[in-house]
Amino acid sequence: MRLVREKEVSEPISTVVKFVADAALIRELGERLVGQAHIALAELVKNAYDADATRCIVRVAENEISVIDNGHGMTVREFKDFWMTIGTQHKERGTGKSRNLNRNLTGSKGIGRLAVQFLAHKLEMTTVSESNIDRQLIVTVDWDEVIESPSLIEAEARYQLTPRSETFAEQSRCGTRVVMRGLKQTWDEASTRELGRDLWMLQSPMSNYGSLSTNQTDPDDFIVEIHSVDGSLERTFADQTQAALENYIAIIQGEVSRKGARSEALVSVVFRTGEKYVEKFTVKPLLESAEWKIRVFNLQGHQSNKISVGDARSYFAKYGGVKVYDAGFRLPYYGVTQDWLGIEFDHSHRKNRSELLPDRLQVKRALNDLPTQGRLFGVVNIDTGHETRSATPEQKKSGDILKIQITRDRLVSNEAYAELHRAVRWSLDYYATRQRIRESKRIDITDPSNSSESILRRLRSLAQELIEEYPHDETVNSLLEECNELNVTIRQERAIDQATKGLLGPLAVAGMAALALEHEAARDVRRARSLLRTLRLRAEESDDKEIHNLGRRVANWIERAEQSRQLFAPLLDTDDREEVDVLAASDVVEQVVKNVRPLISNIRILTEIPQDIYLPTATFAEWSSLFQNVLVNASNATLDVKDGHVQCVGGRTGRSSWIRVNDNGIGVELKSAEELFEPFIRRIGISEERRELGLGGSGLGLTIVKMIAKQRGAKVAFTKPIQPWSTTFQISWASMK
């Protein structure tokens with residue numbers, strides 16, 4: 001065996017091996033970084049914004065989606081250097097501003113083209129650069145071929161440069177058109193409408209460039225238009241959003257600004273009635289700037305712009321909450337479905353004292369007036385790109401800067417984010433304290449110093465003295481008789497009052513229990529909707545028809561549950577319960593009919609009430625309870641009738657206004673009808689098997705009806721019906737006009 005000496009060993013040779021990325025990585029990145037259709041389209045819309053476009057048009061057709069803008073377009077060199085580079089950071093490495101309008105750039109991860117492959121199998125892009133408007137660049141990509149390529153560096157896009165033959169948004173000679181064909185998702189009417197709503201909410205309706213905030217037109221505004229085949233999308237979203245935003249009761253505004261080593265927040269609360277409150281507080285100097293505007297809504301029975309309270313509540317339940325916009329574009333994570341401000345958490349834990357406000361601003365039970373997310377529509381405007389560029393050396397070292405996570409849907413949870421969270425939530429707590437103070441001023445009840453009995457005794461004593469002095473005076477004798485009759489009346493009213501109070505106790509307990517159950521039901525429905533989204537996602541992934549059908553059945557069940565909860569809607573909202581107002585009778589009755597419809601779906605209910613008839617001053621909850629009881633009773637009476645239907649009509653007779661509820665059911669005996677208003681009296685002559693289908697059944701409905709009507713100066717009674725009706729219930733009151 002030969003021993004090898006050390007000097008005979010050859011030197012090791014270093015070899016270079018390059019990384020190779022599989023082309024399938026494009027599909028993987030697209031699915032993980034994009035994930036949803038509206039987020040994918042949002043990436044293309046952001047590209048249009050960064051290209052200084054003022055209009056971006058999204059067209060959804062049966063098997064094609066187009067995104068067209070009037071921006072500055074791309075040259076061949078820009079296409080090769082930037083568009084063809086996955087994950088390019090040229091926007092971050094530059095000035096961070098757009099070329100012409102000096103906008104803060106929104107795109108930073110270079111995944112716009114990945115968004116395209118998430119949506120469709122094929123892409124055709126036509127772009128004309130403002131530097132050469134006579135030539136157009138046409139790019140085609142077959143994403144299936146790209147993904148099948150051996151490696152990412154071998155994946156190809158075909159392009160050609162031809163004379164310009166295209167115009168873009170608003171007939172611009174430069175811009176970009178991206179057309180996606182062979183769509184990977186099915187776009188039926190419902191999904192298209194949902195996409196349109198999500199895209200509409202991509203822009204802040206109250207942002208600096210949005211026309212909804214200023215009611216003025218700026219030629220540099222960036223407007224996203226959503227077009228569908230039937231044209232329904234573009235007609236709906238702008239009108240619906242603006243109409244909903246006009247029904248606010250207060251606006252909360254805030255702004256954080258940094259001046260050297262110190263940051264300060266300025267908050268104002270302005271109520272619709274004109275009261276304004278302003279406060280300042282300090283924050284940690286981790287934010288360069290942030291601003292927010294939050295509208296608070298009462299979602300009361302009567303909404304302006306002919307929006308029903310049910311529609312308003314459904315709209316804000318889905319699109320409300322407080323959202324975060326980065327450089328003018330929404331971060332999807334923040335909104336009504338995420339409790340990022342801890343509002344619902346504090347409600348569920350019955351908190352009533354703010355943990356943020358100083359002692360001088362604390363008010364007893366203040367957080368009882370903290371609005372739920374379904375009553376808020378807010379926008380928080382930040383700019384993470386600007387925050388990075390203006391960060392102090394200490395911030396850059398610690399990483400405490402507002403910045404986006406790699407998934408692009410939320411902010412990094414660091415100290416800077418904590419300060420943003422604290423500032424926005426501080427303003428909401430401040431609103432709650434001011435609202436509590438306003439409510440306490442409205443309630444000023446003083447106990448009478450003398451009872452009616454003591455006053456009556458003094459009157460009778462004076463009348464007796466007058467009789468002794470003028471024994472034959474008829475007027476004096478009549479005065480004593482009136483006092484005696486008044487004494488009987490007071491005793492009768494006291495007995496009624498005591499009976500009413502005895503009734504209110506059990507009703508209050510039942511009401512509180514019902515509201516508690518409704519609160520839990522609302523949470524269960526929210527959980528069910530979350531599970532339904534997961535179920536639909538699994539159905540799309542597996543293409544399993546059985547799971548699709550199951551998803552539809554679950555969706556129908558959730559819809560019925562939501563409709564049933566509308567019965568409690570007037571009791572859940574503070575303003576509905578407490579705000580006394582003059583309400584149009586037609587609006588109230590139509591809303592009640594809509595609320596009870598899921599429970600009496602087989603009964604036809606017609607309403608014919610003039611718009612100029614107004615109910616006596618009361619809360620929406622009171623009138624809702626009254627008419628709900630009357631309509632349910634009328635519907636129950638028609639259960640044995642083949643074609644059961646109910647009619648609500650209104651009118652005036654002399655100085656009185658009235659509403660009559662007619663039904664063609666079993667009828668009532670007018671001679672004993674007054675007894676039906678007494679507690680626990682039930683006389684329903686329908687068959688036993690049909691009786692189980694009826695609602696109510698405690699015998700308290702008409703008692704409650706009479707109690708509410710009397711409290712508000714109205715009279716209720718059963719009157720003689722006119723053919724073809726068998727029963728007529730009437731509520732009447734002194735006309736206001």
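The chain of this predicted model has an average pLDDT of 76, and 69% of its residues score at least 70; pLDDT is the predictor's confidence in each residue, from 0 to 100. Because the model is predicted, local features need pLDDT of at least 70 and side-chain atom pairs count only at pLDDT 80 or more, while totals for chains, interfaces and linings use all residues. Residues are numbered from 1 along each chain as its sequence is written, and side-chain values use heavy atoms, with hydrogens and water left out. Over residues 204–218 the pLDDT stays under 50, and the model has 32 contacts for this stretch beyond four places in sequence, a contact being heavy atoms within 4.5 Å. Residues 685–698 also have a pLDDT below 50, with 21 contacts beyond near neighbours in sequence.

The largest nonpolar core has 43 residues. A nonpolar core is a set of buried Ala, Val, Leu, Ile, Met, Phe, Trp, Tyr and Cys residues joined through side-chain atoms within 4.5 Å; buried means under 20% relative accessible area, exposed over 50% and partly exposed in between (1.4 Å probe, protein chains only). Among the elements that each supply at least two residues of this core are strand 8 (248–259), strand 10 and helix 14; helix 14 gives the most, with 10 residues. Helices (H or I, at least four residues) and strands (E, at least two) are DSSP runs, numbered from the N terminus. Val380, Leu411 and Leu420 have the most contacts inside the core. A second, separate core of 39 residues includes Cys648, Ile659, Val661 and Phe729.

The structure also holds 11 aromatic pairs. Rings of Phe, Tyr and Trp (its six-membered ring) pair if their centres lie within 6.5 Å; planes under 30 degrees apart count as stacked, over 60 as edge-to-face and the rest as tilted. Phe281 and Trp426 are stacked, at 4.0 Å centre to centre with 20° between the planes. Phe281 lies in strand 10 (residues 276–283) and Trp426 in helix 14 (residues 415–442), so the pair ties together parts that are 145 residues apart in sequence. Both Phe281 and Trp426 are buried. Trp623 and Phe627, in contrast, form a tilted pair, with 6.3 Å between centres and 40° between planes. These two residues are 4 apart in helix 21 (residues 620–637), and are therefore separated by about one helical turn. Trp623 is buried at 0% relative accessibility, and Phe627 is buried at 2%.
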